[in-house]
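Let's walk through a protein model together, one stop at a time. Keep the picture open beside the text and find each place as we come to it.

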Amino acid sequence: MESVQDPRVSPSPLPVLVHDLGTQTDDPPTQYSISSQALSTVAIHELRRYRCFVTPQGWVLALDPASCQTFLWRPQDGERIQLPPKEQGFPESCKCLLSDMPGAASGCALVVFDLDDRQMWVCKIGETNWDSHRYEPAMYVKGKIPRMSMRNIAKCHGIAAVGGKIYFELTAREMGVIEFNGKAGLKLDTIEVDMVDLPLSTPMASMYLVESSGDLFLVVIFFDGDNVHKIANHAVYKMDFSEPEWHEVDEIGADRVFLLGGHMLGKSCFGASCLAADHRLRGNCIYFLNHMATTESFLHVIDLKTGTEQVQRPFRHNGYHMPVRSPFWLLPTESTLQAQG
C-alpha cells in the first residue's frame, strides 16, 4: 500500500531551504534538501495555514492569523508545544529566538523581536501569557561625542542564544545581553568586548552570530568590493567569555556545519549549527544562503578545511525572481548542538 505523507512534516530530509517560487501566497513552497540536493514542492500544512517564524534551534513558532493562537512546531516529526494566545498578531517584520531548548533545566523563553520598532514579546514555555517589552536608546558621551548604545536589537546584525542568554551585536566595544530572571522578567545588559577588525579593502560584509555546542561564534562573509554576488573571503571567530574576547579559528569542527541566511538585503541575519554526519552532510562547512543578492539566493558552500567554495544554484530553472516571502531554513531540532559534559 502506498504511504501517505504527513502534511505536518517536511517531506525532504532536513535541513532544507524553503523558497516561495509561486505567485500566490498559498502556492506550495519549493524545498531544497542540501544533503540530497533534490527539490520538492509538497505542501506543508503549517506553512500554508499559519504565520511561521523559524528559530536557530529548529523549532518554528506558528501563529494562527484568525485566533492569534500560538504554538511551537517541529518540522521533522510534526510535534507541537502549545503556547498561550496573543491579544493580536505580530508586526510584518519579526525575528524569533529561543533562549534555550524546550525542557532545559534553566527554563526556556521564546522571544519575538520587531525589526521595525524597539519592541519584543516574550513567552516562557509553560506559562500562560505573552509579555510585551519596549527598550529605548540610551545616549552617552564618549570624548565629547554623543553615541547611542541601544539600537534595534535584531535588525541588520547578528543575534544568538547561548546558555539561556541572548547575545547581540551592539557597538564596536560592547555586546548586548538579554538575561531572563524567572518571573521577574528580563534584563538588558552589556559586556565589554572589542569587535573584530574588518579590512578596509573589503567594504561590503555580512556578519552572523552562531551558537554551537554551547559556544558562540561570529562568522563574517566578505564580498568582492561592492559586488554582493561574489564572495571574496570569510572569517570565523570564537568567543572566549573568560576574557571576553573574539579569537579567530580556522575550523568549526568535523562534526558540524553552519547554516547562514536571513531576510532580504540583510534586514536581519540568521545563523544556526547542525550535526553533520547525522544528516549526511560534510562537516567543517558553512552553507551560506546569499540573501544579500535578493534575485538569486545562491547557496555558497564553504569548506573550511580545504578553503574551497562551491556555488549551488538549485532554483535557476524555476524562473525565480523575487520571492513571495524571504527564503528561510527548516532545521532539525538538534541543530543547536548541546554542550558536552
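**A first stop: Ile-166 and its surroundings**

Setting aside the residues within four places of it in sequence, Ile-166 is in contact with Leu-97, Val-111, Phe-113, Ile-159, Ala-160, Ala-161, Gly-176, Val-177, Ile-178 and Phe-180. Here, contact means heavy atoms within 4.5 Å. You will find Ile-166 in strand β15, which covers residues 165-169. Strands are DSSP runs of E with at least two residues, helices are runs of H or I with at least four, and both are numbered from the N terminus. Ile-166 has a relative accessible area of 0%, so it is buried. Buried means under 20% relative accessible area, exposed means over 50%, and partly exposed lies in between (1.4 Å probe, protein chains only). Now look at Ser-99: this residue is 67 residues away from Ile-166 along the chain, yet their C-alpha atoms are separated by 6.2 Å.

Before going on, a word about the model. It is predicted, so local features need a pLDDT of at least 70 and side-chain atom pairs count only at 80 or more, while totals for chains, interfaces and linings use all residues. Residues are numbered from 1 along each chain as its sequence is written, and side-chain values use heavy atoms, with hydrogens and water left out. The pLDDT is the predictor's confidence in each residue, from 0 to 100. The chain has a mean pLDDT of 85, and 83% of its residues reach 70 or more. Over residues 1-5 the pLDDT is below 50, and this stretch has three contacts beyond near neighbours in sequence. Residues 335-341 also have a pLDDT below 50, but that stretch has 21 such contacts in the model.

Next, which residues does His-300 touch? Not counting residues up to four places away in sequence, they are His-229, Ile-231, Ile-286, Tyr-287, Phe-288, Asn-290, Glu-309, Gln-310 and Val-311. His-300 sits in strand β25, residues 299-303, and counts as buried because its relative accessibility is 2%. Its side chain is joined to that of Glu-309 by a polar contact of 2.6 Å. A polar contact is a pair of N or O atoms within 3.5 Å; within protein, one must be able to donate a hydrogen and the other to accept it, and residues adjacent in sequence count only if both atoms are side-chain atoms.

Now find the open sheet of four strands, which run in the order β3-β2-β1-β27 with antiparallel pairing. β3 (38-40) and β27 (328-330) stand at the edges with a single partner strand each, so one side of each has no neighbour in the sheet. Two strands pair if DSSP finds at least two bridges between them. Strands β1 (residues 16-19) and β2 (residues 30-33) pair over four bridges, with Val-18 opposite Gln-31 in β2.

Finally, let's look at some backbone details. Another cis bond runs from Glu-243 to Pro-244, with omega near -20°; Pro-244 lies in the loop between β20 (227-240) and β21 (245-249). In the loop between β2 and β3 is Gln-37, a residue other than glycine with a positive phi, near 55°. Gln-37 counts as partly exposed because its relative accessibility is 47%. Ser-213, in the loop between β18 (205-212) and β19 (215-224), has a positive phi of about 55° as well, but counts as buried at 18% relative accessibility.
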